[in-house]
Structures are given as C-alpha cells and as structure tokens.
Amino acid sequence: MTKLKVATCSLAGCFGCHMSLLDIDEKLFELVKAVEFDRSPITDIKHCGPCDIGIVEGGVCNAENVHVLKEFRRNCRILVAMGACAITGGIPALRNNVDLWDCFQEVYHYGIGLEKGQIPNDPELPLPFDRVHPINEVVRIDYFLPGCPPPADAIWKFLTDLAAGREPKLDYDMLHYD
Amino acid sequence: MTKTFTLDGKVIPFEEGETIMEAAAAAGVYIPHLCHHPEFKPHGSCKLCTVNIGGRLGAACTNRAAEGMKVESETEALNADRRALTQMLFVEGNHICPSCEKSGNCQLQAVAYHLGMLTPHFTHFYPARDVDASHPDVLLERNRCILCELCVRASRDVDGKNVFGIGGRGIKARLIVNSASGRLADTDMSVTDRAAEVCPTGAIIRKRHGFTVPIGQRLYDHHDIAEVPVAGMERPKK
C-alpha cells in the first residue's frame, strides 16, 4: 500500500495543535502505517516536497509565513487549516488593533525585567506584518479543523477520514472553537 | 378548535397572535436565532430565523402564525444562508473564542456549532473597538457585540433605565452607553439588572464569574443549542 505523504508546519501559532496531534497517543503507531511525514517537527525537513496532505497550524504574521504557506499550497494536494490561529488569526490576532511599534516597545523595552532592551533588527529576521491574518486570506484552503487546539480525537477522525477518501465529519463533541 | 400550521411538515398548534417562533418554541422545535428572546419585543435584525413562509422569506420572530400556513426552516438552502450570516457576524467583530470567558456559554458560538460552521470564510474586518472596564461589576467588551439590542431592550423595557443604545449606522454602528462621559461606571447600571444577563455573546459579562464553570463543562460544550432552548420560550401556562 502506498503511504500518504503528510507535511505539517506551524506559522504564527504556539505548536499546541502539533501537541494535540501527538496526543492521539498509541494511535500514532496506526497512523505511521498509513502515513509518511514530509516536512514536520518530527522530521526536521526544511522544505515541503510534493505531498498528499498539508496541515498548517498558526496564522500569517510575517513575510516568512507567506513564503512557507505558498510552498505548502504549491506542493500539497489537500491543504488543511488546523486550529483557531490558522482559521481566524486566533490569539496572535489580538494584537491587530495595537500599533506594531507599540507592540515591540512593550515586548522589548518595557517588558518586566528588561533593562535597556533592544528591538531585534537582524536582516535575516522576517518582516513582521502590522496584522495577523488567517491563512485562507493568503492561499486557498481545502479543509478547516477548528479548535484551540482541536481535540486529539478530532485530528484522528479528520485524518483517517481524509486518508480513506471520505469527506471529513466532526461529531458535536469534537467541534470547538476554544 | 386549535389552529395549526406546518413547520417542515410537522403540525404546529398556535394561539391567535403568536409568531412562528413562539409557536415553534412552544412545540419544542428550534429555529436558529440570536436577537430574539421571549422576554422582549421581537427585533427581527439578525435574520438567522429567516424561514420560507409559503414561498416567501420572512423572519420567524416577527411573522405571525396563520391557519394552514406552510413554513420551511430546516432546509439546506436556509441553513447555508444562516451559516453565511453567522460567518459575517464573526468577521465583523473580534470573536477570538480561545480568549473569551463566555466561550462554551456563548449563543453566537453555539449557533455556529449547530450550523456546522468550520471557518468564518470571509475576510476578517478586525475592527478597532473600545472596551469599557470602568464599572466595578460589569465589563463591556464591544469587540464581541453583535448589535442584537437585547441589552438595549432589557435595560429599557425591564430595568427601566435606558443604559444602552446603538449609535452610528451601517458598519459604524456601535453599542453606546447613556451617560455624559459615555462610560458604564457613570450610569445607574447594576449587576442585578436584566441587561447584565441577557447578552448572547461575551460583550456584557459580570466580572469575577468567568471561570466558575470550567471550559469544557459549559452549556454548549456538550449540548447542541437546539437541545437547550432559551428559558422562557415555552408557552406560559394559563
């Protein structure tokens, strides 16, 4: 049986959705029988290659996020937005009505315990955006899996439905925005 | 003889003067809604309760039931429209569920769950809205306001205080407070007011009560909003 190739990444997120993916526990053994991971925190591959399913956690908050997201869209047959940040901007989007410079000042100059803080300006750092955006505002998304994070059972159900060629369907208890 | 109409083929009895919403609720049939509440005059603004009444569309909360009327509610087309309306409500405000203490008890969220909304779909507005934390017991979080005017009606019709109003028009419409300073602390609003309880979202919340019931054990965490209709929707006993 040909294994499905799956890639995952975290943009402006907290990696909580990935932790929820790991929370499917012993079923991970079943999962790896059917799935081969491309780029993901498990493999540490830097660039996403051609894949069946791409799972994106987190919203878009800087130029690198756009780059990664477009690479995923180019390479993944099915692209899934996983979690509140990818779907609505989530907690990072709480900064959307705060001036970006004020944000930096708060974090790097006035933060508790900071003295003579410096705002990082290395040219290798990606350009931050003034707003955080959900990923469907940048590329086309095929499926949305809500939750903060989505429950492990929801991720399992979603992935097994997709892998089996079924339209993914969540039971009421698995559908949460928080 | 009892008068009846049909709702999705089911025979619904009604009393003269009742709206479709009132008769349906009394019969235990849920029609999605947000701005409607049985204690207050119908408002007809959220349009979620739009039903097909003999071939034309109308709000179930404002249209009166009539003998022999044929009403459709749970159709794929109407629910698709309801889902789109709910998605618009999500993108027009700042509804960040993971950061909201009303999450799990929120009717906006519950209606979205009921309709199977997986994404707000439309481009987010991320509007800049004020938070008013001036009152000692009540927090006004305008980011979550859907302009249903339930607080306006509760304050005016039940509390007799006229604390709230809607100012501005269209996309600039916003919840305003009736005091010279515009601050909630400078009104005679009390935490025991009906207006402090009736908000369907987390826009008006009582302070220091947010996590009395943990997230995951709340009203809509395990029960579809159709299973737990708003108290008072049943027909008053004679």
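Visitor: What area is buried between chain A and chain B?

Guide: The size of an interface is often given as the accessible area lost when the parts come together. In this predicted model, chain A and chain B bury about 2,200 Å² between them. Carbon and sulfur atoms give 58% of that area.

Visitor: Which residues of chain A lose the most area to chain B?

Guide: They are A:Tyr172, A:Tyr177 and A:Asp178, which together account for 34% of what the chain A side buries. As for the number of residues involved, the contact takes 25 from chain A and 31 from chain B.

Visitor: How many salt bridges are counted between chain A and chain B?

Guide: The count between these two chains is zero, while the structure holds 15 salt bridges over all chains. One pair within chain A is A:Asp38 with A:Lys5, whose closest N and O atoms are 4.0 Å apart. A:Asp38 lies in the loop between strand S2 (35-37) and strand S3 (51-57) of chain A, and A:Lys5 lies in strand S1 of chain A, so the pair ties together parts that are 33 residues apart in sequence.

Visitor: At what angle do helix H2 and helix H3 of chain B cross?

Guide: The axes of H2 (residues 76-92) and H3 (residues 107-114) of chain B cross at roughly 140° and come within 10 Å. H2(B) and H3(B) are therefore oblique to each other. H2(B) passes H3(B) in a left-handed crossing. On the H2(B) side the contact is made by B:Thr86, B:Leu89 and B:Phe90, and on the H3(B) side by B:Leu108, B:Gln109, B:Val111 and B:Ala112. Here the residues divide into five nonpolar, two polar and no charged.

Visitor: Backbone angles can also be read. Which residues does a cis peptide bond join?

Guide: Most residues other than glycine have a negative phi, and most peptide bonds are trans. In chain A, a cis peptide bond joins A:Cys148 and A:Pro149, with omega about -10°. A:Pro149 lies in the loop between strand S7 (143-145) and helix H6 (152-163) of chain A.

Visitor: What is the phi of A:Phe15, and where is this residue found?

Guide: Phi of A:Phe15 is near 70°, a positive value in a residue other than glycine. A:Phe15 is found in the loop between strand S1 (4-10) and helix H1 (16-22) of chain A.

Conventions
Residues numbered from 1 in each chain as written. Chains lettered and ligands numbered in written order. Predicted model: local features only at pLDDT ≥ 70, side-chain atom pairs only at ≥ 80, totals over all residues. Heavy atoms only, no water. Axes fitted to C-alpha atoms, helices over the stretch in contact; angles between N-to-C directions. Helix = DSSP H or I, 4+ residues; strand = E, 2+ residues; numbered from the N terminus. Parallel < 35°, antiparallel > 145°, perpendicular 65-115°, else oblique. Left-handed = near helix turned anticlockwise from the far one by under 90°. Contact = heavy atoms within 4.5 Å. Nonpolar A, V, L, I, M, F, W, Y, C, P; charged D, E, K, R; others polar. Buried area = accessible area lost by both parts, 1.4 Å probe. Salt bridge = Lys/Arg side-chain N within 4 Å of Asp/Glu carboxyl O.
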